[in-house]
Amino acid sequence: MRIVCPFCGERELGEFTYLGDAKPVRPSAGGSEHDVFDYLYLRDNVAGAMSEHWYHGGGCRAWLKITRNTLTHEISSVEPAAGVGAAKVGG
Amino acid sequence: MKYSIFSLARAAFSGHKNWQRTWRDASPKDHYDVVIIGGGGHGLATAWFLASEYGIRNVAVLEKGWIGSGNAGRNTTIIRSNYGLPGNTGFYELSMKLWERMEQDLNYNTMVSQRGVINLYHSDAQRDAYARRGNTMRINGIDAELLDLAAVKKMMPFLNFDNARFPVQGGLLQRRGGTARHDAVVWGYAHAASALGVDIIQNCEVTGFSRDANGKVTGVETSRGTIGAGKVGMAVAGSSSRVAAMAGLRLPIESHVLQAFVSEAIKPLIPNVMTFGAGHFYVSQSDKGGLVFGGDIDGYNSYAQRGNMPVMEDVCEGGMALMPMIGRVRLLRQWGGIMDMSMDGSPIIDKTPVDGLYLNAGWCYGGFKATPGSGLVFAHLLARNEPHKEAARFRLDRFRRGAMIDEKGVGAQPNLH
Amino acid sequence: MVSHAQTHRLASGGLIDRSAPLNFRFDGKTFAGFQGDTLASALIANGVKLVGRSFKYHRPRGILTSGSEEPNALVELRTGARREPNTKATTAELYDGLEAASQNRWPSLRHDLMAVNQLFSPIFVAGFYYKTFMWPAKFWEAIYEPAIRRAAGLGRAAGVADPDHYDKAWAHCDVLIAGSGPAGLAAALASGRSGARVILCEEDFALGGRLLADGGTIDGMPAAEWISRTLAELASLPNVRIMNRTTLFGVYDGGTYGAIERVNDHLPSPPEHQVRQRLWRIVAKRSIVAAGAIERPIVFAGNDTPGVMMASAMRTYVERYAVTPAKRIALFINNEDGWRTVETALGAGLQIAAVVDARPDVSAAHRALAAKAGFPVLNGFVSGVDGGKDGVRKISVALVGGARAEVEADGLGVSGGWNPAVGLTSYHRGRPKWQDDISAFVPDSAPPGMVAAGAANGAFGLGACLRQGFAAGVAAAQTAGHGVPPVADDEAFSLTPLWHVAGKGKAFVDYQHDVTASDIELAQREGFESVEHLKRYTTLGMATDQGKTSNVAGLAIMAAVSGKSIPETGTTIYRPPYVPVAIGAFAGHHRDENFHATRLTPSHHWAAEQGAVFVDTGLWKRAQWYPRAGEKDWLESVTREVKAVRGGVGFCDVSTLGKIDVHGPDAGAFLDRVYINTFSSLAVGKARYGLMLREDGMVYDDGTTSRLAEDHYFLTTTTAKAGPVMQHLEFCRQVLFPELDVQLTSVSDQWAQFSIAGPKTRDLLGEIVEPVADLSNEGFPFMGAREVPLRGGIMARLFRISFSGEMAFEISVPARYGDALVRNLMLAGKQFGVTPYGTEALGVMRIEKGHVAGPELNGATTAADLGLGKMMSTKKDFIGRVMAGREALVAPDRQVVVGIKPTDKTRRLRSGAHIIPKAEIPGPDHDQGYVTSVCFSPTLDQWIGLALVERGRERIGEIVHAHDPLRGENYDVELCNPVFYDPDGGRQRG
C-alpha cells in the first residue's frame, strides 16, 4: 500500500500507522457515558470505502483522513486532519 | 463407518471404494431448533456439543462457502491455555481439556500434538510479567514452568544466544500446549455432528434475518431460501459485523488481516511452538515438515484476506533474529485471514439485544485454540439461555460496564491487541 | 578423483560454454559439466536418471521439467552451514565445485529402505492418517507422530546460522515486465523506446525464455540473433533495466511488487562483502506479466518413472544444453506442440520410438515425417510404463479401438498442453477464466495496473506473443515513440483435452506429494469436492512446486469424477510467492545485533569507559549499574549506589525520557485536556507531575511537565511511551482539538538529561552552575523549573524534581554537551564522592518511595488504583474522564497499589508472585492480586515491594501469602504503606 501524503508525497505503508474509523466523533465536553461508549467502542466495521485516521509518523507527523476500500485496499482520497499545519496566525 | 486401522485395512482390500462421505451433504429443511451461521470450527463444534451434550439434534450449520473456508482453515494451528486474566484462563483451559480428548470424542484424528508452547522472555520486566501469568495458570491448575536461560538453551540450542540484539533470558513453558491439524478439526466435528443428525449445509449464504412482530428472530434468509429457527447462533468471526448488521447491531469489533506463512517441508528442526518476546514472530513445524509461522496483524481494517510486505518482512526479521538457521529455508506460501478484533482482545459469547440471536465473536488471534471450548460454551448458552460458567465474563456489555479482559493492556484499539 | 565422461552430451550446439568445463559432485560422485549448465542438465549429460525420492512412497524420481515448476529433482545443494534443502536441480546453476546430495532417502538414493512405504500404499491413501493413530491417545505424541515427522519433510536444513548476508532494496519504474521471452522482450522494446522507465525481471540466468529452446524466426532472422540484437538495443536505452536471476514473486497494494534477485547463488559462496540474495520492493505504475506458460503432464500409470519428462523440457535439454535425456524417445501428446520435440530430437540425431498422439487427426506433414524417420504414430494413450530407478524401458499403449501396443524406449516425452502462468495476475484473489480452445485457465481480472501478455495470457504462437507483448508495452508506456513491432509467424496449435488415462497402477497428479488420480477419486467419494477441500485433504498442489504441474490436472480429474465442468469446479486461491523465497532475504540485514536499531544515551561512551553494565530498554542501552572492583555481584554494586545517593550525591542519565515542547497561546488549555490534572494554572518557572489517561479511563502515561514561559511548556513522558505519547498528543491536537492554537515538537533527542540526587546535590551543582543562579531552597524551591547558565557559558534547564525522594535536580543540556557534562560532574563531584548510578538503583529508590512505574502502569490500572485518584480534576473535561467513571472502574474491590514486606526480614521477594489471603488455599477464587515490583532496600536492609491487591489500601497491616508456585515459593508478607522512605517528603523538599 502506498499513501500520497499531502505534505511529503507518495510514501510507503511502513511510514504510517493506523488508528481506525474516522467517522465516530468524540463527544464534546459534557458528553454522556452512553455517547462516549458509542464513540469509543462501537464500529460500523465497513466492508467497502471507509474514512480512516492514519498518522505519518515516519514523515511529517501529520494525521491524515484517508478514504480506503477495506475490500481492495484501494485509496481514493487523502486529506490532512483539520488541525494539521503551522500555528494559527491572528485567530 | 467407524474409523480405525482395522476399517482402513478392510477398505484397502476393496480399493477404498466403500468409504462414505465424511459428513452428509444436507439440503436445508424448513425449520430447525437451532440454526448456526458459520461452518467453521466454532460453528461445527457448537453443533456437535448441542447434539452430544445437550441433546439438541435438530440443528443446521449454514456455510456460505465450503466448511472451514474461513479462519479455521487459515490459522497457524496453535493450541494453548497460557492466559493470565480471569475469564480467559479458565475458558482456554476448558478448551485445552477438550483438545486432549478430541480424537476419541470425534473418532477422527485431528493430530493434537502437545509438543509444548514456550514464550521467550528477553528482559527482567518481561520475566516478571510471565511469572505473574504463569502463576495465574498454576493457581488455576494449569501446567506452567518458568525456564531460565540454561533450560532454554538445552531445549532449543539453535536459538541465537551469541550475538542477539535482545538476548533470550528464559521462557514460560506450557508443555500441554502444542498444535492440531486445523482442517481435520473442521472435518472431525462435521463428521461427528453429521453422524448425530446435524445438517451441514454448504454454499448457503445468509442474507438476512426473519423477525416476528416483536423483533424476535424466527429464522434466516439464505441463498437457498428461508430457514426457520428457534434460535440462531452466529459463529462467523471475520464477518461478525456484517452479519450482525443484518440484525441492526453494531459490535465492538473491527476486521483486520493477519498473515500467516509456511516454509517448504524440511526434516524435523523445531521441536515445539515458540514465540519470540522481542519481535513479532511465532513458529512451529507441521507434521509434514513446513515451518508454520506468523507475527502481528497488518494493522488496518481489512476484508481482503491478504496482507502487505512490511509485515511479511517484519515477521521474517523476527524469525532471523531469533534463529538465524532459518535463513536458507524458503518461504513457500503466504496468506491472510480476517480476524474479528475486539476492543479488549478477548472474545464475546453472549445473547444479543435481539431476542433469539446469539453471538460468538471477537476471537482476535485466539480463535483456533478456542474451538472446542467455544463450541461447548456456545452450545450451553444456546441450550440453556444462560452463559456457561467458564464464559461468564465474555459478555457483550462488559465494555459498557468497564469490565474489559485486556491481556495486553492497550485499551480500545483493536489493532494493538 | 576422475570425472565421469559426459556420455549424454551432444558433440556440438547448445548455449553452454565448452571452453569452461566444471566439476561437481552429486551424492559423493564427481561429474563434469560446462558453464551454462544447470545441475539438472549436467546430471543428464552424465547419464544420471535417478535424482530424488518422493515424499510419501519414496518412489524413485528423475527430472521432469527444465524450470522452476520442477516437482521431482530436488536436492540438498551445498554443504555445512550453506546447505539448502529442496533446491530444484533444474534451476540451480552449475559452478565449479558444486556439491549436491539427494534427499529423503535412507541409506542411499538407489537403495532407499523407506521405499517399504510402497508396500503399505494400499493403506497410505489420501487422508488415511485422519482415520487412525488415535488409540491409545498417549501414543500420538510418543510414537506415531515422531515416526511420521521423521519420515515426512524432504531435505535437511543446515541447522546452524546462515553465514550469508541478504540485502533489501527499492526500485521505481513506469513499466515492470515479468519474463524475457518473446512477449517480455517485445514489451520492453515498446515501452523502453517510448522513454518509459522499464524494469524487466527474468528468473533464469539467460534471457530469451522459450526462444532459447524453441528458436524460430523473428523479423526474418533466427531467434538467437533477434535476442542479441534486442538485448543490445535495450542495453543502449538508459531507461531500461534488465535484471536476470530475478523472480517477480508477488504483487501487493499500490503497485508494489516483490522480487528476489539471486545475486550470487551461481557461485560457491558470495564474494567477500557481497550478498547472497537481494529482496526488491519494486514500485511500478504498470506491469506486464509475460511469464509464459507451463507445460502440463498427463496422468497415467507409471508417469513418475525416471525418464518420463515434459516434451518441452526435452527440447530445452537438447537445444539449450546439448544433452540427451534419452537416446530412443517415445512421446505421449495431445497437442500440436509435442511434435516440435520430435523435430528437435531428430535434428539432434536421436531416435524416435513412437509418437502416441491422443488426437485422432494428426496432420499429413507429421505423418510424412514419421514415415521418413521410420517411427509409428499411434492414436491412443500411454497406459503403463515398464521401468524403474534406472529409467524407462518400455511403454504400453492403449490404442483407440481397443488394441494394445508396446514401445521400447529409454525416455518418454509428455505434453498435455500448456497452462498460462496465472499466479501473479491472481494474487489479489482474482480467479482466472477457462478458455476452451487451449483447455486452460487464463487471466480474467488482474491487480490494478497489471496486464498479461503472450503465453501467460493464453497466446501460444510466437507471432501472437510478440504482438501482445509489444502492444502491452505501448499501452503501459503511455507515450509515443515505440517504433516498429517485431514480427513472426504463429505456429499451429490444436489440442484435444486429456487429463487422465485410467488404468492399473499408480498414476500421479502431484508428483512430489504422491497424490494419485485414485486419491482424488477417494476425496470426491468422501465429500471433499470443493477444490479447496481437495487440496487440503489430499495435499495436492501444496508441495514446493506450488502445484505448477499438478493443480489444473487435479481439478480436471475432480471435475470428471463429480460430473461437473472444469470451470464449475474452479481453482484454488493462488498464493504468493510465485517461487519459494529464502526467509533470510525477507529479513535482510535485520538479524543478530542489527535486528533493531540501537539507541545510545549521551553518556553512553563515558559509561562504557567506567565498565557499566547495560540493559536494553526498548531500543535504548541504559547503564544498569556501575560495578567496581571487588564487588561480588550486582546487588552489592546497586546497594552501594543507593547508599551513595541517600548519603551523598549521585547522578543518573535520564535522557531516554520522552521530551516534548508544547508551544502556543493555548498550550495550557491543551494540556488540561490531555492530563487529568490542571496545567493552565501552573506558574511559569514551576513543574508539576501529570497523569494521562486513555479515552477508556485507564492510565496511559505519567511524567513531569514544566512551564518555562507563558506559552511554553516542556513535557516529559516515560521512556517506553515516548513515541506513542507524541502520536497521541498530535492526534489530540490535529484531530480532536484543532481549534486550539498549540504546536508540539519532539525534543527527546535534543536534550541530554541527568538526575542529580542526594543531600550534597546543591554542593555539586554549585561547582558547575554559574553562581548567579540561586539554588537555595528559597531561590529554587521544590518543583521549580528554569534556565540557568553553566560555568563555561552554555545554558541548561534545571528542574527541581525528585524520583529518588532525595533533594534532587534534573539538569538538561543540549545533547551534544551531555558527554562533557557527565565528565565535568565527575571531576567537580570528586570531592563529594559523586557516584554515578544506573537504572537498578533508580528502581530501588523509586520503590522505596512508592512511586509507580512500568509494572504498575500496565494499561489496566486506573488513577485510583495507583493511589492517584485525587489528581483527577472534577472541574474540566479531559481524555478518559467519562469512561473512567464506569462501574467496574470504580468498583470498591479493585486491585490497588500497596507496599509489601516479608514477615521474615531475610526473605527475598519476587515479582509475579500472587497474593492469597492467609487463611485460604491458593485457587482462582482467592487470587487477590500480585507483586508488581520488588527490590532489596539498602535503606530498610530488607526486601520490599509493591503489589496490586484487592482492596489493598483498606488492608494495611494484614499478613497475606505471597504464592509463587512457578518458583516453588510461598511465604508471608505484610501489606503496608507503599511509601517506605521518608513518607512526609521532607528530604526532597529540604
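User: How far apart are the end C-alpha atoms of residues 897-982 of chain C?
Analyst: Keep in mind that this is a predicted model. UniProt, in an unreviewed entry, lists residues 897-982 of chain C as "domain: Aminomethyltransferase C-terminal". The span is 49% strand and 0% helix. Its end C-alpha atoms are separated by 18 Å.

User: Which element gives the most to the side of chain B that touches chain C?
Analyst: Let's start with the whole contact: 88 residues of chain B meet 93 residues of chain C. Several elements of chain B each supply at least two residues to that side, among them α1 (5-13), α5 (124-139) and β16 (330-342). By type, the residues on chain B's side split into 38 nonpolar, 29 polar and 21 charged. The top contributor, with 9 residues, is α5(B).

User: Which residue of β30(C) does Leu331(B) stand opposite?
Analyst: Look at where β16(B) and strand β30 (residues 581-582) of chain C are joined by 2 bridges. The two strands run antiparallel. In β30(C), the residue facing Leu331(B) is Val581(C).

User: Are α2(B) and α7(B) roughly parallel or roughly antiparallel?
Analyst: Their axes come within 9 Å and cross at roughly 30°. Angles under 35 degrees count as roughly parallel. So α2(B) and α7(B) are roughly parallel.

Definitions and conventions
Residues numbered from 1 in each chain as written. Chains lettered and ligands numbered in written order. Predicted model: local features only at pLDDT ≥ 70, side-chain atom pairs only at ≥ 80, totals over all residues. UniProt positions renumbered as here; feature names shortened; annotations may be inferred. Helix = DSSP H or I, 4+ residues; strand = E, 2+ residues; numbered from the N terminus. Contact = placed C-beta atoms within 7 Å. Nonpolar A, V, L, I, M, F, W, Y, C, P; charged D, E, K, R; others polar. Pairing = 2+ DSSP bridges. Axes fitted to C-alpha atoms, helices over the stretch in contact; angles between N-to-C directions. Parallel < 35°, antiparallel > 145°, perpendicular 65-115°, else oblique.
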